[in-house]
Amino acid sequence: MRPLGDLTTGRTRAARPKRRVKTEKPVPYTQHTDPVPGVTPSGELARHHAINYDLNPQRTPWVVEVLAAATPGLHFLTHRYDRTWWRGDAIAGLAVAAYLIPQVMAYSAIVGVPPVYGLYTALVALVIYALMGSSRVLSVGPESTIALLAGAAIAPLVGPDADPGRVIAMSAALSLLVAGWLLLARMFRLGVLADLLSQPLLVGYLAGAAILMVVGQLGKLTGTDVAGHSIIEQMRSFLTHLAATHPMTFYVAAATTGFIFLIHWVRPRWPAALIAVTCATIASAWLNLSDQGVRVVGEVPNGLPLPGLPLLSAGEWQSLALPALGVALLAYSDNMLAARGFPSPEIEGERPSERAVDPQVELVALGGVHAGVGLFGGFPVSSSGSRTALALSSRAHSQVYSLVAAGCVVLVLLVAGPLMSQLPQAALGAVVLYAATKLIKVGEVRRMWRFRRREVLLAGVTLVGTVWLGLLVGIGVAIAISLLEMAQRLARPKDAVLGRVPGLAGMHDTADYPDAETLPGLVIYRYEAPLFFANVGDLLRRAQRVVDKEFASYPQAPPRWFILNVEANTEVDITACDGLKDLYADLAAQGVRLGLVRLRQDLYVPLRKAGVVQLIGEDMLFPTLPVVEEAYVAWALAHPLPSQPAPEA
């Protein structure tokens, strides 16, 4: 036996040879003629210092992560803002403020609240969206259509002679409910609904909004009393009072409009709207235009808002819940359309995807805006295409312009109210008219016409629906038409019979190449859409038509295999599975075998569960097109037609 080792020393009694201790040497490296980084002159690898691999990283508290995700605007302003943008942002903020202040005061009258609450709403919306929004240029605040919807929702609940305090509480509660709907939509990730807003819909919507903007300013431009909520009512009222146009008001509007376009033509980089509005205000004060019948903004009240919850009964909250859903839908749709219609200015080195507005983030941002507005007694808001266009035309680069505009609102609320009192309303109408011209995308219409005329038709339907039925119904009609068009494409997609083209690798649509060739008796057919209840009948009809043509064209070599290329069939429902079984039965009755090629696992599983795979047989499932051809050639040689001689052994 081998002697046991000494338990105290761990050594065996038998002698052991001494172990050689190798000295640590650098790892040899092939010598290069040129110096190589990290290699010593003797051709050996040199070690470098170990780095900190952060094997136990400290996690950021979830509160910080949530706050950072909810405030992308704040992150951009604190990390990526370029100070060279300040001049353009400041000028744009002043221009937007000059247009926004009297505008939002007018919108408050639509809702039925005092004018100062329009300024409160604008102030809160501008600041919160600048911090939470994912668009760097979108102007969020009071908007005419949303104000109209809010007023229509509140009016039946408060009556004609309502207490202003009650109307303020109802509008604030409506804003809070809108915030709740938007945040609920974010929880279920319903921001994908914005993907339904296609480019034709966007072009038509913006054109319709431009028309509504112009019609809504006709009273200011002519000094007449234009009444009505719909465009038909407004146009009828305008034509009725057209003879009563106030000459001096019309001259102020025409001069301001012409001055804006002149400055924009001569000096495109100058803030044309701001210069024109300032000149109109100075002229109004110097010439006492208000004494000559020209309507001016008038007195602007002072004071800052304080937060608080509206005091309403449970029944009143419940009665506002459904109207709030409609307001939330239109506000979000309007916001996303405007965000896509007015992309942020490009930053050097920035990817286009980094400028894209995130629909999910916008749900949170718009919900946060409405929550803040509701706490300060405001009314529901959305994005303003006219103010955004004005900001971009004034060279705005970031939401700093919104903060500048918010600062101007604070000054007006505190000390600068009298300076705005002499601003002619006709000049504001001219600014709206100028901004509306920026919303009509003639170049996009031409591009769509060259691409596909049906896109222009969709844009036209959206335009008519927006103008005739209003923004909410118009957007709904346009989305419905987009869905119907998409369903029509899925229900009646393109198809192809695949064959070989001499001198060209792969298999291609035989309709695209007159010299394409196919194997006798083999039909490889591709149906380019997911298979579901609406198109499986069309698949059966088209497949039978192909088989009939093959029988008629080659009676001596009739079709024997019909292979369905399912690479484009990404989805399948139970009705489509039953249709594939019917296709198998029809082909089998004609002596044709059905097979599938390019079958992925996510399609194989439902077909197996429905019994389609068992019916067709695993031997008729193929991974690639060349494998199909090889398998068919081998099978055809082993199973010749009765008129064909058997292959020699």
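Trp561 and Trp635 are both buried, where buried means under 20% relative accessible area, exposed over 50% and partly exposed in between (1.4 Å probe, protein chains only). The structure is a predicted model, in which local features need pLDDT of at least 70 and side-chain atom pairs count only at pLDDT 80 or more, while totals for chains, interfaces and linings use all residues. Residues are numbered from 1 along each chain as its sequence is written, and side-chain values use heavy atoms, with hydrogens and water left out.

The structure holds 11 aromatic pairs; rings of Phe, Tyr and Trp (its six-membered ring) pair if their centres lie within 6.5 Å, and planes under 30 degrees apart count as stacked, over 60 as edge-to-face and the rest as tilted. One of these pairs is formed by Trp561 and Trp635, tilted at 40° between the planes and 5.5 Å centre to centre. This pair links distant parts of the chain, with Trp561 in strand E6 (residues 561-565) and Trp635 in helix H25 (residues 625-638), 74 residues apart. Helices (H or I, at least four residues) and strands (E, at least two) are DSSP runs, numbered from the N terminus. Ring pairs also join Phe622 and Tyr632 with Trp561 and Trp635 in a cluster.

## Crossing of H3 and H17

The axes of helix H3 (residues 86-111) and helix H17 (residues 425-437) come within 10 Å and cross at roughly 115°; axes are lines fitted to C-alpha atoms, for helices over the stretch in contact, and angles run from 0 to 180 degrees between N-to-C directions. Ala98, Tyr99 and Pro102 of H3 meet Leu428, Val431 and Val432 of H17, contact meaning heavy atoms within 4.5 Å. By class, this contact has six nonpolar, no polar and no charged residues (Ala, Val, Leu, Ile, Met, Phe, Trp, Tyr, Cys and Pro count as nonpolar, Asp, Glu, Lys and Arg as charged, and the others, Gly among them, as polar).

Helix H4 (residues 115-132) is largely enclosed by the rest of the structure, because 15 of its 18 residues are buried.

Val140, in strand E1 (residues 140-141), counts as buried at 2% relative accessibility. Val140 lies 15 residues from Ala125 in sequence and 6.1 Å from Ala125 in space, C-alpha to C-alpha. Not counting residues up to four places away in sequence, Val140 touches residues including Ala125, Tyr129, Asn335 and Arg387.

## Gln360 in H14

Gln360 belongs to helix H14 (residues 359-375) and is buried, with a relative accessible area of 8%. Its contacts, leaving aside neighbours within four places in sequence, are Arg186, Arg189, Leu190, Gly191 and Val192.
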